[in-house]
Amino acid sequence: MEREALLLWLAVGVYVAAGSLAIVGVVMGKRPERTVLGLLVLGLALHGLSIGLRWERLGHGPYLTMFEILSSNIWSLLFIFSLAYWRFRPIRPIAAVVVPLVFIMMGWMLLLNRGPGHLPATYNTIWLAIHILFGKVFLGTVLVAVGMAGVILLRRAGVGVQKLSRLPDDRRLDDLAYRFMALGFIFETLMLIAGAIWAQNAWGRYWSWDPLETWSFITWVVLAFALHLRATLKPAPRRGAVLILTVFVLAFLTFFGVPFISKVPHQGAI
Amino acid sequence: MTIDTPLRKLASPRLTLVLFVLFGAGVLGAHFSKLSPTWTLAVPLLLFALNLLAAIVVNPVFRRRIPLLVFHLALLALIVLVAVSRLTYLRGHVELTDGETFRGRISGVESGPLHPWHLDREVFTQEGFTINYDPGIQRDRTRSRVEWLDSRGRRHVGVIGDQHPLVLGGYRFYTTYNKGFAPTFTWYPVSGGPPRRGSIHLPSYPENEYRQALQWTLPGTHVALWTELQIDERILNPKRPSQFRVPTHYRLIVRLKGARYVLQPGDHIDLPGGRLVYDGLRTWMGYQVFYDWTTPWLLAACLVAMLSLAWHYGGRFAARPWLADGDDSEDIRPKSDETGIKAPSSHPRKFPSRLIFSICTRLGFR
């Protein structure tokens, strides 16, 4: 257990170093991108090892307590972001927008009780793992889109225009962001389908409009609306960016807020 | 005005946007007002279906893009299946005592108006259950033993619970957290009629650990009995793993008009209308009953929709590098020469006031 905690603290330290370096790089006009990517990969390895040790010790995946859910989401979000960071060089400065969001989650995680949770019998199914996996990919792809939407909004607000000028123009950023949103839509839909299969097996109904299901569905509707609006009316990048942020806020509140008010068996995080 | 102008208006992708808003409002309305989502979503879903159908018929983009056509056809199928599901589904629950046979009677029934009732043909017998508890009285695995006859009269025995329901004739019987103790009696009426055996289901255990009492009425009489189970041992241990079981040390107390009886199995009470014999303590299990023949088809429609959408996006994204110039969003707007309506410019619009005004104008609302 001490090794788990040590590895987690090391990972957080490395993440903070990577994120800080990325932000400083944007502010100072430097490009320490290889170092940032290397630190992200190192942090992911340490963090993944910590999660793996806990999984081995408790006999279940990181999806019961809020600590486990935040920890695994930080890992998955940074994993997907690192893939985007590695694959799409021109958009690497979006790290300055994305990393502070993940820092907030890290701070929250470190304040939480790390004790084990109880694994209900209804959670002992592969469909839960599939449901969670799709959910993490969905949130990760939307986070990458949020990075680009944030840059668009910052530039439109006149904040850091010069520092962010080496990124592609707003129209290209908007186009790329909506590719990630489209991926997110597919994975959110798959998350809902896998969740319905799990719910049917676990509680004898595939959908019951409990708070978590309702807000997941609202997020899905808003995301579908955003994609359809883009295909139909081609709104300006700033409007598109606002819609991306709206989807992310809804998704974030659904993942990490609704579990606190839900009183039904399908509680998500807690 | 040509005959298909209303169809083109109905097919408008701008109408789809309005319907998304209506749909979201319906979901939120049901969530906050506790209205049935079936009714708050029925109108938006019907309009969605009409909009989709009209769009598939009139919008040429669906003839250019087969994956997009498949996606929208799958969405249409999904809406139709949801409607059929709501017309034919059934949900309810039943509590069965150990040794009792289910013969089609359920309570708390919710069903669609076209549900093909054949629940009375599905017969099975409850043969007891085990439930493990982790420290802290945290419920773990449920294993309920059931016995049933198939359509050829062959006997089957099985263990169900948690993710494994009993499925008979499309009806799915799921174990629930709702279970408890069932004192069993036999009533011998003085009138000479046949003895009647039955049990009463005390409140769910351990949820109502300190409220194991119930008032009930003797069959064929107006005699009300108050019955309480006092357990003199610890069934579930909060400090170590344990198992749900019938207590061995307990008292069954029956009260009738100021008289108090403490019964052991085999004891009886002579009452004005007959003799009540206490046979012993058993358990009861609460089942949730669910029927919806559309579920595999819903799943298939969802998967076809997602695969076709992935195919559509994959094709578009592969056609142009991810950071190339240009905009790869599909222009699904009908062209001016196709609709007779002037297509809007592709310039960015003010949102949302001009968008709403534009939508209303296109739909003929001023």
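Me: How many residues does the contact take from chain A and from chain B?
Reply: In this predicted model, chain A puts 52 residues into the contact and chain B puts in 59 residues.

Me: And how much area do they bury between them?
Reply: About 5,000 Å², with 67% of it on carbon and sulfur atoms. On the chain A side, A:Arg179, A:Leu233 and A:Lys234 lose the most area to chain B, and together they make up 15% of what that side buries.

Me: Which helices of chain A supply at least two residues each to the side touching chain B?
Reply: α6 (170–203) and α7 (211–233) of chain A each do that. The largest share comes from α6(A), with 18 residues.

Me: How does that side split into nonpolar, polar and charged?
Reply: For the side of chain A that touches chain B, it's 33 nonpolar, 11 polar and eight charged.

Me: Staying with chain A, what's up with phi at A:Trp209?
Reply: Phi there is near 55°, a positive value in a residue that isn't glycine. Most residues other than glycine have a negative phi. A:Trp209 lies in the loop between α6 and α7 of chain A.

Me: Switching to chain B, which two residues does a cis peptide bond join?
Reply: B:Tyr205 and B:Pro206, with omega at about 5°. Most peptide bonds are trans. As for location, B:Pro206 is in the loop between β9 (196–199) and β10 (213–217) of chain B.

Me: Which residues make the nonpolar surface patch of about 410 Å²?
Reply: That patch is made by B:Leu22, B:Val43, B:Leu46, B:Leu47 and B:Leu50. Helix α3 of chain B, residues 37–58, gives the largest share of the patch, four residues. B:Leu50 has its place in that helix, α3 of chain B.

Me: Where does B:Leu45 lie?
Reply: B:Leu45 is in helix α3 of chain B. Setting aside neighbours within four places in sequence, B:Leu45 is in contact with B:Phe23, B:Ile79 and B:Val82.

Me: And how far apart are B:Leu45 and B:Leu75 in space?
Reply: 11 Å, C-alpha to C-alpha, while B:Leu45 and B:Leu75 are 30 residues apart in sequence.

How values were computed: Residues numbered from 1 in each chain as written. Chains lettered and ligands numbered in written order. Predicted model: local features only at pLDDT ≥ 70, side-chain atom pairs only at ≥ 80, totals over all residues. Heavy atoms only, no water. Contact = heavy atoms within 4.5 Å. Buried area = accessible area lost by both parts, 1.4 Å probe. Nonpolar A, V, L, I, M, F, W, Y, C, P; charged D, E, K, R; others polar. Patch = residues over 30% accessible without salt bridge, like charges linked within 9 Å, V, L, I, M, F, W, Y side chains within 5 Å. Areas by Shrake-Rupley, 256 points an atom, 1.4 Å probe, with all protein chains shown as cover. Salt bridge = Lys/Arg side-chain N within 4 Å of Asp/Glu carboxyl O.
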